[in-house]
Amino acid sequence: PRHVQGYLWPYGTLCVACAAATRSAPLWRDLDFSGDGRMAALSSSDILDLLQRYGRGVLERLVLRGLDTVDDTLITGIAELFSSGPLRILDVGGCPQISGAALPSCGNIPTLEELGAECIASLEDQHIEDLCRRCPSLCRLDLRFCEALTNIAVFSRRPRAWQALQLDGCFRLNVAQMFRVPTPDAWARLQELSLDGEDLDAQQLSLIAGTFVGLRRLTVSFARELDAVTLQGLAMLGSMDSLTLRKASQPADADWAAFFTAQRAAWLRAQVTALSPPADVCVSADVGTMHIEGAVVTGGDGAQWRLLNVAECEHFADLAASALASAPLPQLREIDLSWCWHLTDSGLSALLGAADGLVRVKLAGMKSVTTNGIAPCCRMPRLAELDCTSCNSMDDGMLEFIHRLFAGPPGSGASYALPGGELPPLVTGAAEALWRRRSRGARPLQVKNYYAEYIQDWGQMRPPQEVCNIAEQLLAKARFY
């Protein structure tokens with residue numbers, strides 16, 4: 001070793017190499033500032049300077065969501081900087097300093113395909129008109145809770161251009177006008193749609209499936225007029241993998257069960273539409289199988305669901321959960337069953353047991369569910385959020401156990417992890433099974449208790465060994481083997 005320019009060689013060479021690597025083009029194709037609290041200290045000019053130095057001619061996706069320092073000057077600067085491309089995705093949703101008048105400048109970016117502009121209160125119809133006119137490549141828009149928007153014509157005028165429209169919370173938009181299209185396939189490219197359903201009646205809601213035939217992700221908030229017949233119509237959407245229907249209080253439990261059975265059959269049929277030559281298909285939805293010219297294809301991977309949100313759909317209960325869980329759900333990552341009061345441990349445990357890839361589980365307000373219902377959560381290696389707010393029958397000891405179970409392997413020394421040494425047999429088995437599949441680099445699990453407080457912030461946590469003893473009894477009661 002020797003000193004070179006004040007540094008010990010080869011340390012100096014390593015520093016130079018690392019500095020050069022940080023300027024490598026592949027590192028600057030995708031920038032997301034929203035999830036890093038340190039970025040909140042960057043001013044608008046700091047961000048623009050960073051993009052000018054390293055992002056020019058390289059950056060394709062930029063997320064600035066929720067940053068207080070993002071303003072109109074930065075938006076104009078970004079539009080000028082990428083006036084020759086290659087920026088395709090820009091998300092400035094929830095940035096309080098941005099005005100709607102600044103967004104049409106994004107039309108100077110010829111490659112822009114997706115824009116996130118959620119919660120920009122001053123965004124008006126003319127701004128969207130100008131943006132769409134100047135940006136012909138734009139095909140995905142997130143305008144949720146832009147409450148000043150009133151004219152739906154800017155979207156329905158060019159229906160074949162759109163792949164995603166998120167309009168939830170735009171309560172002044174007459175979204176029913178979207179259903180008045182000249183040809184049945186006018187919206188064929190649209191894959192993602194979110195609507196404010198407060199002013200939609202059952203007849204209008206029934207037009208969704210026939211109008212937007214290619215939907216994969218559908219959100220309808222305030223779906224209070226959605227009835228059993230309309231729900232069955234949505235089962236026609238065989239490509240759908242994400243569904244949010246909030247406050248749909250009319251369909252009965254059996255209606256929900258029939259929907260999931262019919263939708264699985266539609267999904268199975270959709271799998272053979274691309275076969276050439278066409279095959280003879282016989283679908284048996286009740287067992288999740290598909291017969292193609294004598295061959296049998298199971299619907300195990302057919303559990304195509306990725307997200308399900310039926311919050312405040314009060315009649316969604318055990319029949320619906322059992323129908324949904326009749327085939328494995330390996331792709332399901334998020335489920336929200338909040339305030340589905342009639343769902344019991346039986347239905348919940350069956351559903352969670354079929355979906356061990358879940359990342360977020362929301363169960364707020366489920367009065368009848370006990371720790372027996374959530375025992376399958378102990379087997380979910382990706383789980384990052386469990387919300388049990390206002391769950392009256394949930395034992396805090398079990399929630400503390402789950403929090404400690406996911407904090408780290410027993411005896412690892414990680415904060416809140418279970419202690420090392422001899423543990424009760426069911427606790428030991430649960431920990432070993434989980435940590436064979438869970439990465440130590442996984443995001444920490446956030447568990448909310450009855451009071452909507454995160455367990456780690458709860459000032460009344462029990463000693464670890466006491467939590468283990470409580471959990472052992474509860475796991476035995478839940479027949480967790």
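I began with Trp162, which counts as buried at 0% relative accessibility (buried means under 20% relative accessible area, with a 1.4 Å probe and protein chains only). This is a predicted model, where local features need pLDDT of at least 70, side-chain atom pairs count only at pLDDT 80 or more, and totals for chains, interfaces and linings use all residues. Residues are numbered from 1 along each chain as its sequence is written, and side-chain values use heavy atoms, leaving out hydrogens and water.

I looked above the Trp162 ring next. The charged end of Arg158 sits over it, 4.7 Å from its centre (CZ of Arg must be within 6 Å of the ring centre and within 35 degrees of the ring normal).

I then turned to aromatic pairs and found 12 (ring centres within 6.5 Å; planes under 30 degrees apart are stacked, over 60 edge-to-face, the rest tilted; for Trp the six-membered ring is used). Trp28 and Tyr54 are stacked, at 4.7 Å centre to centre and 20 degrees between the planes. Trp28 is buried, with a relative accessible area of 12%. Phe155 and Trp162 are edge-to-face, because their centres are 5.9 Å apart and their planes stand at 65 degrees. Phe155 is buried too, at 1% relative accessibility. I also noted one aromatic cluster of Trp256, Phe259, Phe260, Trp305 and Phe316.

Last, I checked Glu118. This residue is buried, at 13% relative accessible area. Its side chain makes polar contacts with the side chains of Arg65 (2.7 Å) and Arg144 (3.1 Å) (N or O atoms within 3.5 Å, one able to donate a hydrogen and the other to accept it; residues adjacent in sequence count only if both atoms are side-chain atoms).

Terms used. Buried < 20%, exposed > 50% of the residue type's maximum accessible area, 1.4 Å probe, protein only.
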